[in-house]
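Reader: I have a new model open. Walk me through how to read it.

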Amino acid sequence: ELVSQTAGFHTTVDKMKASDTNASQENGTVKSFSPKFKVKLLSVTGNKVEQTVTLEFLISHKLVHQNVCFVNYEYVQIDNGIKAYDFEGNEYFVKNMSVGKNNDTFFAACNKIPTEVPMKASVTFKQILPSVKGLSFVSIATSFRAYDDGNLEYKNLEVSNISINWQ
């Protein structure tokens, strides 16, 4: 087993255990798209060169295997796909989204999330200047259902009051 010798090092599992789904976290507050899914915000990282901000999540559940998608098209009966807002009232659009290794730049990123197996997911927003220190609200349209069939549900994953770690 490999463990970092760095002081303060925490594994992803440590981070998951330290938080509840809808609880206030180190950086902002996360409201899961469903009470049956645990969603942990791992990081909010800004890229000064690309002028992007990436939110990285860890998603898990205790249901049968689930197909989970981050959805960025507005013709579905959901609120505006994926958007972020800063504290000055500016609106930002998605550049890229991923669930596991599956990613997309426009429509939807989907993947099978097995029962009790956490999977990373992320959303990257574009055209954000490094002078923006945080985001007041992020809404990520999410669809989910049993992997081998079932009723498709659309709900929003919401994150509020987060600061950006610019690099």
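Reader: Which residue in β3 is the bridge partner of N47?

Author: T52 is the bridge partner of N47. Strands here are DSSP runs of E, at least two residues long, and helices are runs of H or I with at least four, both numbered from the N terminus. This is a predicted model, where local features need pLDDT of at least 70, side-chain atom pairs count only at pLDDT 80 or more, and totals for chains, interfaces and linings use all residues. Residues are numbered from 1 along each chain as its sequence is written, and side-chain values use heavy atoms, without hydrogens and water.

Reader: How many bridges join β2 to β3, and which way do the strands run?

Author: Two strands pair if DSSP finds at least two bridges between them. Here 10 bridges join β2 (residues 37–47) to β3 (residues 52–61), and the strands run antiparallel. They form a hairpin with four residues between them. In that turn, Q51 has a positive phi of about 55°.

Reader: Which residue stands opposite G46 in β12?

Author: W166 does. Two bridges join β2 to β12 (residues 165–166), and this pair runs parallel.

Reader: Is S139 buried or exposed?

Author: Buried means under 20% relative accessible area, exposed over 50%, and partly exposed in between (1.4 Å probe, protein chains only). S139 counts as buried because its relative accessible area is 8%. S139 lies in β10 (residues 134–146).

Reader: Which side chain joins S139 in a polar contact?

Author: A polar contact is a pair of N or O atoms within 3.5 Å; within protein, one must be able to donate a hydrogen and the other to accept it, and residues adjacent in sequence count only if both atoms are side-chain atoms. The side chain of N156 makes one with that of S139, at 2.9 Å. Contact in general means heavy atoms within 4.5 Å. Leaving out residues up to four places away in sequence, S139 touches G81, I82, K83, N156 and L157.

Reader: Which residues touch the most other members of the largest nonpolar core?

Author: In soluble globular proteins, nonpolar side chains tend to be buried together. A nonpolar core is a set of buried Ala, Val, Leu, Ile, Met, Phe, Trp, Tyr and Cys residues joined through side-chain atoms within 4.5 Å. The largest one has 35 residues, and L55, F57, F70, F125, L135 and V138 touch the most other members. Beyond its neighbours within four places in sequence, V138 is in contact with residues including L55, F125 and I162.

Reader: How many helices and strands are in the protein chain?

Author: One helix and 12 strands.
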